Amino acid sequence: MSTYKVPTMAEMASNGQTPEVLFWVGCAGSFDERYKAVTQAFVKILNKVGVSFAVLGPEETCTGDPARRAGNEFLFQMQAVANIQVMNGYEVKKVVTACPHCFNTIKNEYPALGGNYEVIHHSQFLQQLINEGKVRLQGGGEFKGKKITFHDSCYLGRANDVYEAPREVIKALDVELVEMKRCKTKGLCCGAGGAQMFKEPEAGKKDINIERTEEALATGAQAIAVGCPFCLTMMTDGVKNKEREAEVKVYDLAEMIAKDMGI
Amino acid sequence: MSILPQLAFLLILGAAGYILSKRIQFLRRNILLGKAETRNDQSENRWKTMLLVAFGQQKMFSRMIPAFLHLLIYVGFLVINLEVLEFVLDGILGTHRLFAPILGGAYTAAINMFEFLAVAVLVSCVAFLIRRNVMKVERFTKPELKGWPALDANLILVIEIILMFAILTMNATDQILAARGDEHYLALGTLFFSSFLQPLFEGFSYGALVAIERFAWWFHIVGILAFAIYVTYSKHLHIFLAFPNTWYSNLKPKGEMQNMPEVTNEVNMMLGIPVENPAEPPAEIGRFGAKDINDLSWINVLNAYSCTECGRCTSECPANLTGKKLSPRKIMMDVRDRAEEVGKSIDTGGPGLADGKSLLGDYITKEEINACTSCNACVEACPVNIDPLSIILQLRRYVAMEESGTPAQWNAMFQNMETSFSPWKFSPSDRFNWAEKVKEEEMK
């Protein structure tokens, strides 16, 4: 038996190797205590399936997304141009990431700055692996037959029109997928986009994540599935606020797949 | 017959045409107060978008009831305007129902269809008045609609109801006169809807009927011309601008923010990257981001003039839903109001843009733009593809780069990113620590 491998681009390059795909971890994936489990789950899946991948490791920096959305174009471009230099240096062709904000920025905004890659979100990547039969689900896992609702993240859904891939991944788990009243193109934001994650909300009647959590709980789902680190935080906080954390869990798609695979 | 009515008609038509052309010039100039931007690519896609979204009303149908009522008014507007052609020709030539003898039975069928649509428009307008004033549908009761916008909406509906009544009254009296054997009035056979109005006028004298018929005719055509001018002052401008507005839609992924190439050169120089094609220095040094309407693109201003204040954007905005001050509809109304203010000032020899006011500050506050989650719900909701988010993000750029006025927590986030390359304050050397645990785990 061997252990899981997490090769870096630098290690691979020094061995004269190039991976098929760069796994862009993102800041939440690297530092957020809760969300690190998602990164680890995804890496385990990649190992298990035998995908040729690598990460940038310490060479990765923020894509610059929150700086750009908060108006600081200089800072965004400083981050972006530096990242593009690193990725182009390794001749990266394909990028997969679990963060819809990183996904959107690298896919749509790096080309204007000289970074052209095929970028896919981990929900799309997982869907491909399932469709190709590379991820074999046991189907009898802890999610079987359970009611699960999927919260669309804005930067995956409306921003990039990815609605079906995460749903296909969830359905593959042999669960009952229940939709919230506002879903897909009408999905309600968790409240964290546009750099809101990094400041207190403006004065109002309610926090957005509470509004969204109430809607998710109203479906009667036993778990809320998300595909975004910010949504994971916001929905988890929302469920805690409603004191329902004992019965209703919030999971990222990769965690659900990894659990079902028994890894 | 005297030639006087023809002269009067021509005079009114000419005057309306003149005023309208002046108004169009005013609007065009105001829209072009915005910065130049070329968005002519993918013309096939653009025509398709316009056909589906504006002509085909595709996005209206995410809400079925208002979509259906609106469709009736829209089809009524398109089709009844065919009859206006006859009105205009009759007015110029001094004829009465010019096309009736030419088209015969088809003419009666057409008039019946116009009458049906007139009734449908009438009913829809009444329903819309009820939705606004009795049911008080939430999106029509938001603070930005207080005053003129609410009055404007009601005026449009009332004017349309009166115009439709004029058509029906004209047809009813016209056919009573025809039935009485007046040569000037042609019996058209049954006109289904207006026949219900006939009992109201049966006992009237010949003179009174002619007076009512003529009054209704004049009222309808002059009303339509006056309404066309009114529209240029009103939110109702969407009936025309929805078409160019959807043609100039943003066809890129909604999540993509427009790049600022003027920043890229500087960034490249700071990072020691050779600048391959140093862009020509811009003729006038613009601002970073937008403070006023002239910093926005002309397409942003066109968006504002195309907005009919339906509020679907605001009703889907997560910030607005949870009681924050941000309302995407208000952003669009503010842009239009500011463009109007600057335009009027220029036309009266005033200071125009240099009036000491600006879009950001005097119309839109930082509190509003800071509340945006950039979720694109407003963009998705707009039935005519208006993009309030683009304006909000340009205003944020101004605040961050020209004023350094972003909220303190964002400034802290900027600092973290500058020093630790992450929005959170973690040491960059810890970035890869997450892998240690998994690398020790036995692969199952």
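## The contact between chains A and B

In this predicted model, the contact between the two chains draws 65 residues from chain A and 64 residues from chain B. On the side of chain A that touches chain B, the elements that give two or more residues are the helices α2 (27-31), α3 (36-49), α4 (65-69), α5 (73-89), α6 (100-109) and α9 (208-218) of chain A. Of these, α5(A) gives the most, contributing eight residues to the side that touches chain B.

Sorted by class, the residues that chain A brings to its contact with chain B comprise 27 nonpolar, 22 polar and 16 charged.

## The open sheet of chain A

Chain A holds an open sheet of four strands, arranged in the order β6-β5-β7-β8 and paired in the parallel sense. The edges are formed by β6 (176-178) and β8 (249-252) of chain A, each of which pairs on one side only. Averaged over the sheet, and with direction ignored, neighbouring strands are turned by 35° against each other.

Within this order, strand β5 (residues 147-150) of chain A and strand β7 (residues 223-226) of chain A are joined by parallel pairing over three bridges, and A:Ile148 stands opposite A:Ala223 of β7(A). Helix α10 (residues 229-241) of chain A packs on the sheet, where it touches both β7 and β8 of chain A. The direction of this helix makes about 175° with that of β8(A).

## Two domains in chain B

For chain B, the domain assignment gives domain 1, made up of 4-31 + 63-247, and domain 2, which covers 287-403. The centres of domain 1 of chain B and domain 2 of chain B, taken over C-alpha atoms, are separated by 34 Å. The contact between these domains takes 21 residues from domain 1 of chain B and 23 residues from domain 2 of chain B.

On the side of domain 1 of chain B that touches domain 2 of chain B, the elements that give two or more residues are α1 (4-31) and α10 (238-247) of chain B. It is α10(B) that gives the most to this side of domain 1 of chain B, with six residues. By class, the side of domain 1 of chain B that touches domain 2 of chain B consists of 10 nonpolar, five polar and six charged residues.

Definitions and conventions. Residues numbered from 1 in each chain as written. Chains lettered and ligands numbered in written order. Predicted model: local features only at pLDDT ≥ 70, side-chain atom pairs only at ≥ 80, totals over all residues. Pairing = 2+ DSSP bridges. Axes fitted to C-alpha atoms, helices over the stretch in contact; angles between N-to-C directions. Contact = placed C-beta atoms within 7 Å. Domains from an automatic or database assignment. Nonpolar A, V, L, I, M, F, W, Y, C, P; charged D, E, K, R; others polar.
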